[in-house]
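Dear colleague,

I am handing over a structure that you have not worked with before, and I would be glad if you could look through it alongside the notes that follow.

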Amino acid sequence: MAIKTAFKGVLLDIQRHFNVSDSGVGLLQTVFICSFMVAAPIFGYLGDRFNRKIILSCGIFFWSAVTLSSSFITKEYYWLFVLSRGLVGIGESSYSSISPTIIGDLFTNNSRTMMLSVFYLAIPLGSGLGYILGSSAKEAAGDWHWALRVSPVLGMTAGTLILFFVPEPKRGHADQLGGRIKHRTSWLCDMKALAKNRSYVFSSLASAAVSFATGAFGMWIPLYLFRAQVVQKTAEACTKDICSSKDSLIFGAITCVTGLLGVVIGAATTRLCRQKTERADPLVCAVSMLGSAIFVCLIFVVAKKSIIGAYVCIFIGETLLFLNWAITADILMYVVIPTRRATAVAFQGFTSHLLGDAGSPYLIGLISDALQKSYTRSVLWQFLSLGYALMLCPFVIVLGGMFFLATALFFLDDRDKAEKQLAAMTRPPSSVKVS
């Protein structure tokens with residue numbers, strides 16, 4: 001994650017170097033996510049049939065090489081830089097699609113749960129470190145291009161270690177249900193069942209709302225806070241070769257901490273609330289989302305006067321937003337039978353990106369550009385227009401909270417239905433039909 005997000009630590013430099021608008025910068029993340037979505041099912045198919053660690057290593061080598069090459073693209077070829085982000089998304093999809101399946105075949109029961117939790121904890125931690133890595137490399141070298149030259153070294157090192165030291169386990173050898181399942185369903189049947197699973201559908205839509213907000217924040221918040229400081233006259237507009245990276249460093253550190261805190265607090269809170277209600281999982285997610293929306297709104301209220309106050313709101317808002325990541329995965333495990341879980345996870349991820357961070361960075365940039373054109377261009381209006389565009393995020397977060405409340409309505413029924421289906425599948429062959 002740190003490798004693919006290192007460019008965000010120098011986003012202001014990229015915008016100034018290529019002389020592009022806010023929507024042009026937002027396009028970088030949109031192209032990345034779109035290529036990621038298209039390639040993920042292909043790597044999923046390959047990962048079920050061929051050597052996974054070779055595919056995984058090749059994907060990492062590929063995206064590292066493309067990232068390195070993109071650092072030499074001149075300012076006349078921004079379209080080529082955008083294309084390079086799309087290619088990085090293809091390499092990233094190999095890693096995200098295949099890595100969980102290797103972990104799943106290396107560990108069982110509680111060990112598997114713990115290792116997958118560690119894997120998913122790397123998402124916020126790696127994203128935050130990416131900001132720090134990119135900003136630090138730029139400061140050390142005095143050139144933002146080095147943010148895209150240092151990170152590929154780490155990627156190639158990781159790819160080499162995986163290739164030579166990670167074992168290639170046999171598929172399903174750790175699945176203790178594999179020998180007892182008597183009834184299996186087709187992919188089409190699985191998709192129909194998932195579409196009818198109301199808890200799964202609503203929790204997937206809520207997950208998309210989370211992705212929408214985190215994708216927009218990751219791209220725009222450091223730039224927004226920099227513009228706030230320019231308005232407050234505590235920083236100068238970037239007119240030099242090297243722009244300030246202080247906000248990217250701070251935002252990266254906050255993302256690391258809030259990601260870890262969110263997952264830990266979410267797990268502990270849910271465990272405690274389960275003693276009071278069986279609907280604890282979706283209810284905790286709903287409350288955290290609605291609470292996050294309040295603090296996200298406050299960011300744009302206080303940023304003009306107090307950067308420290310804005311950082312406090314970001315810290316609390318992100319912690320509440322990240323709180324539901326692990327819980328959402330638990331909800332899926334409760335309401336989807338084991339033989340459909342891989343398909344359910346893949347489709348939920350696809351939906352989250354499609355409706356979430358695939359378009360949110362570009363959409364926010366587009367709204368910001370439109371607002372800037374509607375009024376006199378000034379430093380203050382640049383700051384305000386981006387803030388008004390980002391105000392879309394708390395409304396989407398509230399919508400996500402509503403989806404989690406809808407999940408709570410159907411959670412117990414869908415969980416009981418999944419348990420009955422699993423019981424039917426582990427019985428000897430009979431006329432029972434699994435839908």
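To begin with the cysteines, a search of the whole structure, which is a predicted model, turns up zero disulfides. Cys34 counts as partly exposed, with a relative accessibility of 34%, and Cys189 is likewise partly exposed, its relative accessible area being 22%.

Confidence is lowest in helix H1, covering residues 2-5, where the mean is 54, whereas it is highest in helix H11, covering residues 280-302, where it reaches 93. Where pLDDT is low, the predicted coordinates should not be read in detail.

In helix H13, which comprises residues 325-335, the buried residues include Ile327, Thr328, Ile331, Leu332 and Val335. These residues lie on the same side of H13, because the arc they cover around the axis is only 145°.

The other is helix H14, made up of residues 338-355, in which Thr351 has its place. Is Thr351 buried or exposed? With a relative accessibility of 12%, Thr351 counts as buried, because the cut-off for that term is under 20% relative accessible area. If its neighbours within four places in sequence are left aside, Thr351 is in contact with Ala208 and Gly356.

With kind regards

Key
Residues numbered from 1 in each chain as written. Predicted model: local features only at pLDDT ≥ 70, side-chain atom pairs only at ≥ 80, totals over all residues. Heavy atoms only, no water. pLDDT = per-residue confidence, 0-100. Helix = DSSP H or I, 4+ residues; strand = E, 2+ residues; numbered from the N terminus. Buried < 20%, exposed > 50% of the residue type's maximum accessible area, 1.4 Å probe, protein only. Arc of directions from axis to C-beta. Disulfide = S-S within 2.5 Å. Contact = heavy atoms within 4.5 Å.
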